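This report covers a predicted model. Please have the sequence and structure open while reading.

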Amino acid sequence: MSSQIIDSQKSMVVDLAIRFEKVVKSTPSKTGRGEDGTTEITWDNPIELEQYIAKVQDAAQSIMNENRRLRKVHMTICD
């Protein structure tokens, strides 16, 4: 995703990127720990898992929409 963001516009999407990171790092209550200590999301509660996936997708969509908007403005100005 970051490769699609114009360097001069990265500071304009930083808040959305931070929000995305927080959403990804927030895990459902039913989680476990992997052998390497990382958090694992399990299939124990499919409803909670679907809600988590929806939140991640929503946050990703927000940053992609804003990036598209900024790229369009950038191209308009450059023309």
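## Helix H2

Helix H2 covers residues 46-78, and its 33 residues should span 48 Å at 1.5 Å a residue; the end C-alpha atoms lie 47 Å apart, which agrees. The expected span is 1.5 Å times one less than the number of residues. Helices (H or I, at least four residues) and strands (E, at least two) are DSSP runs, numbered from the N terminus.

Several H2 residues are buried, including Tyr 52, Ile 63, Asn 67 and Leu 70. Buried means under 20% relative accessible area, exposed over 50%, and partly exposed in between (1.4 Å probe, protein chains only).

Gln 9 sits in the segment before H1. Its relative accessibility is 5%, so Gln 9 counts as buried. The Gln 9 side chain reaches the backbone oxygen of Leu 70 at 3.0 Å. Gln 9 touches Leu 70, Arg 71 and His 74, leaving aside residues up to four places away in sequence. Contact means heavy atoms within 4.5 Å.

Gln 4 also belongs to the segment before H1. Gln 4 is partly exposed, at 47% relative accessible area. Gln 4 and Arg 68 are 64 residues apart in sequence, yet 9.2 Å apart in space, C-alpha to C-alpha.

## Confidence and conventions

The protein chain averages a pLDDT of 82, and 81% of the residues score at least 70. pLDDT is the predictor's confidence in each residue, from 0 to 100. Confidence is highest in helix H1 (residues 14-25), at a mean of 91, and lowest in strand E1 (residues 31-33), at 57. Where pLDDT is low, the predicted coordinates should not be read in detail.

Residues are numbered from 1 along each chain as its sequence is written, and side-chain values use heavy atoms, without hydrogens or water. Local features need pLDDT of at least 70 and side-chain atom pairs count only at pLDDT 80 or more, while totals for chains, interfaces and linings use all residues.

Technical notes:
Polar contact = N/O pair within 3.5 Å; in protein donor to acceptor, adjacent residues only side chain to side chain.
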